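Hi everyone, thanks for coming.

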Amino acid sequence: QVQLVESGGGLVQAGGSLRLSCAASGRTFSRYAMGWFRQAPGKEREFVATISWSGGSTYYTGSVKGRFTISRDNAKNTVYLQMNSLKPEDTAVYYCAAKVALSGSYYYTADREYDYWGRGTQVTVSS
């Protein structure tokens, strides 16, 4: 069982930055691939970024590539999402998710593949 708690959301102007954190409970965090997803009002939840449990493999959705960076610190049981050059269309509730991975190089982009979810943190980008 893994519990995930997101933090770091808030209100920021377009062009600004935020860093989201997701703290995980449990001793086997280092065996979980992690993902960030987001859901804007009236829209379906969408994939944002994912990282393998080794941290060596990452993948991003096209709209955030070059602006967002996912990283993890297995010693701190935490995954991060550094968000730069934020745009109003990035406004959403951001969720982190965890999945037991087959190996250190695996990552996952589909929300149905994930086993555990946090409650989300609101990110609002004003124009």
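Let's start with Glu-46, which is partly exposed, with 35% relative accessible area. Keep in mind that this is a predicted model.

So, who does Glu-46 pair with? Its salt-bridge partner is Arg-38, and the closest N and O atoms sit 2.6 Å apart. Arg-38 is buried, because its relative accessibility is 5% and the cut-off for buried is under 20%.

Arg-38 has another partner too: its side chain meets that of Asp-90 in a salt bridge, 2.9 Å from N to O. Arg-38 belongs to strand β4, while Asp-90 is in the loop between β8 and β9, so this pair ties together parts that are 52 residues apart in sequence. Both Asp-90 and Arg-38 are buried.

Zoom out a bit, and you get a network of salt bridges linking Arg-38, Glu-46, Arg-67 and Asp-90. The structure holds four salt bridges.

One of them joins Arg-45 and Asp-111, with 3.4 Å between the closest N and O atoms. Here the link is between distant parts of the chain, 66 residues apart: Arg-45 is in the loop between β4 and β5, and Asp-111 in the loop between β9 and β10. Arg-45 is partly exposed at 33%, and Asp-111 is partly exposed at 27%.

Now the backbone. Most residues other than glycine have a negative phi. Asn-77, though, has a positive phi of about 55°. You'll find Asn-77 in the loop between β7 and β8, buried at 18%. Ser-85 also has a positive phi, about 50°. Ser-85 lies in the loop between β8 and β9, and is partly exposed at 40%.

Notes. Residues are numbered from 1 along each chain as its sequence is written. This is a predicted model: local features need pLDDT of at least 70, side-chain atom pairs count only at pLDDT 80 or more; totals for chains, interfaces and linings use all residues. Side-chain values use heavy atoms; hydrogens and water are left out. Helices (H or I, at least four residues) and strands (E, at least two) are DSSP runs, numbered from the N terminus. Buried means under 20% relative accessible area, exposed over 50%, partly exposed in between (1.4 Å probe, protein chains only).
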